[in-house]
Amino acid sequence: MQAGESAPGRAFLAVEQVSKRFGGAGGFQALDGVSLSVAQGELLCLLGPSGCGKTTLLRIIAGLEREDAGRIHAGGRELTGLPPQSRDYGILFQSYALFPNLTVSQNVAYGLPGRGMGRVHRDARVREMLALVGLDGSERKFPGQLSGGQQQRVALARALAPAPSLLLLDEPMSALDARVREHLRLELRQLQRRLNVTTVMVTHDQDEAMAMADRIAVMDGGRIAQSGTPGEIYERPASAFVAEFIGQANWLAGRRSGRDTFRVGEVELAVSPACAGAAPEHATRLCCRPEAVRLQPAEGEPNRLLARIVDETYLGSRYRLMLAADRLPGITLFADVLREQRHLLPAPGSHKFWVALPSQALQVFA
Amino acid sequence: MTRAAPVAAAAAAPAGRAGGAGLARRLAHGAPAGMKWLWLAGLAVALALPLLALFGQAWFDQAGNWALPARMAELAANPNFVPLLGRSLAVSLTVAALVVPLAFGFAYALQRSRVAFKPLWRGIALLPLFAPSLLPGIALVYLFGNQGIFKGTFGAGGIYGFWGIVLGEAFYTFPHALMVLMAALSLADARLYEAARAMGASPWRTFLTVTLPGARHGLFGAACLVLTLVVTDFGVPKVVGGGYPVLALEAYKAVVGQQQFARGALIGMLLLLPALLTFGVDVAMQRRQRAQMSSRAQVYVPGRDRLRDAACLLVVLAVGGALLLVLAAAVGASLVRLWPYNLQLTLAHYDFDNMDGGGWLAYRNSLKMAALTALAGTAAIFLGAWLTERTRGPAWLHGALRAGFMLPMAVPGLVLGLGYVFFFNAPANPLHALYGTMTLLVLCNVAHFYTTGHLTAAAALRQLDGEFEAAALSLGVAPLATCWRVTVPVCLPALLDIFRYLFVSAMTTVSAVVFLYSPDTVLAAISVLNMDDAGDTASAAAMSTLILLTSALACLLLLGAARGWLRRTQAWRAPAH
């Protein structure tokens with residue numbers, strides 16, 4: 001399997017026109033007619049700022065909140081209105097919600113039937129799950145004796161032990177420190193692929209979403225702003241909100257001056273016909289990712305500007321340059337350059353060189 | 001990828017879920033919803049309907065006509081009423097003015113100074129909780145009465161009257177005020193004190209500008225609590241009131257002595273007013289107070305200050321000495337032949353079976369009632385708090401239950417007891433058969449002491465991870481099963497606290513149960529009242545001493561047993577190794 005590969009095939013989970021309002025008529029519209037579908041074995045990430053409705057949607061899928069309107073299907077079954085215990089999913093909470101007075105193996109066995117003959121199967125299943133998450137040998141420990149990362153694995157083993165057909169992850173990494181997080185992100189993703197379990201994950205961390213998801217649904221104000229593969233979301237954001245939320249971008253205020261051209265300050269910038277055609281007539285904002293800014297472009301390239309380096313930030317593998325262009329007064333352009341190519345450019349100061357905003361890298365928004 | 005195959009196979013054939021299937025499973029998952037209605041019904045029978053019966057008794061005459069205005073007019077026109085009201089107010093305000101500053105000083109010494117032997121002082125200060133409110137009255141008679149050691153102290157009238165009531169009530173209410181103020185002073189943000197010192201404020205100025213404002217709510221709450229306790233208590237006035245009748249005693253006499261139910265109900269309703277008022281103000285103030293203590297606050301640790309510590313030690317010694325003196329008088333008088341003339345030691349006063357008042361049966365009944373109250377009450381209170389804090393359900397139902405759980409705080413025992421008389425003693429009530437039984441005494445006690453237990457349980461339950469139940473539900477385990485396997489074990493310390501509180505409260509209470517016992521279910525604290533009435537003051541002191549010993553011993557035993565039990569069953573609380 002390759003990273004970012006989307007799993008086509010029929011939808012396993014389907015959410016149709018789900019709405020939810022908290023606090024009555026004058027209250028807060030948490031979800032406003034949200035629809036999405038997740039294919040069998042796919043990992044869908046609900047991404048958005050706090051208050052965008054992503055956690056509410058997850059809790060509605062889990063049956064922990066009741067939707068005001070809409071329907072939910074999973075595995076060919078209608079889940080709408082079913083209580084949580086009848087929905088067949090496993091959930092990993094931000095806090096893990098491990099039972100502190102039960103041992104690791106008791107926690108993992110919590111959802112397994114254990115009377116009579118079931119006991120043997122249960123114990124075997126617990127061992128299997130602990131081996132799966134790499135915690136064999138910790139059976140008799142209590143959650144309080146484990147590190148945060150180990151606790152997360154126990155919670156995951158507990159959620160997966162009854163072999164649910166759907167896995168729900170609620171900000172699974174946010175209680176971990178940064179280094180453990182990167183490592184567990186990879187492990188969780190590999191495990192999910194191996195079990196081929198359909199998964200919905202909620203996060204506000206765009207890096208996490210990019211690294212783990214088959215598809216991302218970016219949410220804003222109770223609606224889905226855009227849904228697509230990480231590549232689609234990053235390279236072709238459907239709205240200014242998505243472009244702003246995912247990654248860094250240079251934003252230029254301007255107005256249309258021709259079919260495929262925009263005027264920004266004193267400069268006329270050419271935009272790819274496809275992008276310009278799709279943009280509304282009164283579009284006023286152009287956006288360009290820092291790594292897309294061309295440094296020292298060839299003579300004939302469009303949208304060339306003369307600029308100097310005002311300041312720079314060292315980011316390890318690359319530098320982020322802050323550029324001031326002569327014909328874009330008052331605007332700082334951000335551009336990334338790889339560390340090994342930094343020496344090809346002048347030091348910060350008055351020395352000027354050519355940069356270009358490639359027309360195919362410019363996005364236009366209202 | 002070597003482990004992949006077996007897991008994938010298991011995933012393909014679901015391992016199944018805990019909790020069985022079909023009807024049993026549906027019942028298990030539906031249980032909390034049904035339990036909420038049961039608890040609501042319980043609140044109605046044990047609290048709402050008795051109170052309504054009290055109001056009905058006060059508002060309507062026997063023919064069912066609206067009679068409140070006429071009755072109020074009649075009561076106000078009675079030449080005794082205004083003086084009664086004035087005396088109740090005078091006594092309670094004096095007690096509050098005496099007890100609140102002393103309790104604040106004591107609490108300050110325990111929480112904000114470096115006085116030695118703090119647990120000892122705290123234990124002494126809380127001792128009055130283990131005795132019925134009649135004990136200080138009896139002790140005062142032995143200390144300052146006609147045959148007392150210090151009989152001349154209060155002039156010609158002696159201790160009987162205003163000062164007797166004030167001192168007795170001060171003893172009885174001191175630990176209540178102390179607990180409120182200790183809680184108020186336990187929360188201190190060290191950053192405020194550091195800021196005050198950095199700005200060069202003197203200790204006195206810091207006290208006035210940081211400590212006092214921070215404890216304002218506690219001071220107000222303690223004053224309200226003392227006022228309410230004093231206004232509604234009739235135990236102390238009964239013993240040392242002499243010719244100084246107060247409202248609570250009047251209500252008691254009206255119902256128990258004179259069978260004037262309407263008059264008793266009317267006064268009971270009046271006694272409910274101050275409690276309801278302070279309860280409302282308290283709730284409003286708590287809402288405002290909450291924001292003052294932020295989660296980033298640093299714990300304040302008192303520094304070295306000889307002057308402050310010396311002053312604190314003085315307060316602690318004086319108050320502790322006075323409390324011990326009162327206790328010693330009661331205990332001492334119960335152990336000698338005839339105080340103060342014949343000081344030969346004897347256990348003759350403990351021969352209760354040869355006295356009026358119920359004898360040892362009363363003591364056995366009290367033990368039984370305290371144990372049953374603690375058992376049934378702990379279960380009811382904890383499950384009730386669990387239902388409202390940890391299960392999902394309609395907001396209005398949870399709101400109604402929570403309000404019902406808080407209401408007993410605002411209902412004095414005297415008022416509750418009167419309500420029980422009017423409700424359960426009504427011949428038309430199908431529950432009439434309960435009147436005079438142990439069951440009703442236990443029910444009344446659980447209702448009377450509900451709120452304190454509920455607050456303890458709710459605080460413990462709110463500290464748990466918010467997603468326990470959701471995680472268990474996703475695994476197919478019913479809420480009650482999770483409550484039993486996880487919630488109860490994790491909350492065990494709080495459960496034991498509630499149990500202890502209920503046991504001690506039931507052991508010492510007089511106010512509500514005095515209207516509800518029958519000859520078969522007479523109680524120890526009530527026999528104190530009866531023996532004192534009959535002139536057996538020494539035996540009354542003896543029974544008070546026995547109650548005090550029993551409560552204190554039970555408390556110690558429960559603490560010890562709990563500690564051992566927790567150590568064995570709560571290994572998971574130990575830090576990681």
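In this predicted model, chain A holds an open sheet of 5 strands, arranged in the order β16-β20-β17-β18-β19 with antiparallel pairing. The edges of this sheet are formed by β16 (294-295) and β19 (332-338) of chain A, each of which pairs on one side only. On the β19 side, the neighbour is strand β18 (residues 318-325) of chain A, and the two strands run antiparallel over 7 bridges.

Chain B is built from 23 helices and 2 strands. Its radius of gyration is 26 Å, close to the 25 Å that the globule rule gives for 577 residues, so chain B is as compact as a globular protein of that length. Along its principal axes, the C-alpha trace of chain B spans about 95 × 70 × 50 Å. Buried residues make up 46% of the 577 in this chain. Among the contacts in chain B with a separation of 6 or more, 80% come from residues 24 or more positions apart.

Leaving aside residues up to four places away in sequence, B:Ala103 touches B:Phe174, B:Ala177, B:Leu178, B:Leu181 and B:Ala222. In soluble globular proteins, nonpolar side chains tend to be buried together.

Conventions
Residues are numbered from 1 along each chain as its sequence is written. Chains are lettered from A and ligands numbered from 1 in the order in which they are written. Two residues are in contact if their C-beta atoms, placed from the backbone, lie within 7 Å. Two strands pair if DSSP finds at least two bridges between them. Helices (H or I, at least four residues) and strands (E, at least two) are DSSP runs, numbered from the N terminus. The radius of gyration is taken over C-alpha atoms; the globule rule is 2.2 Å times the number of residues to the power 0.38. A residue is buried if 20 or more other C-beta atoms lie within 10 Å of its own, exposed if 12 or fewer, and partly exposed in between; C-beta atoms are placed from the backbone.
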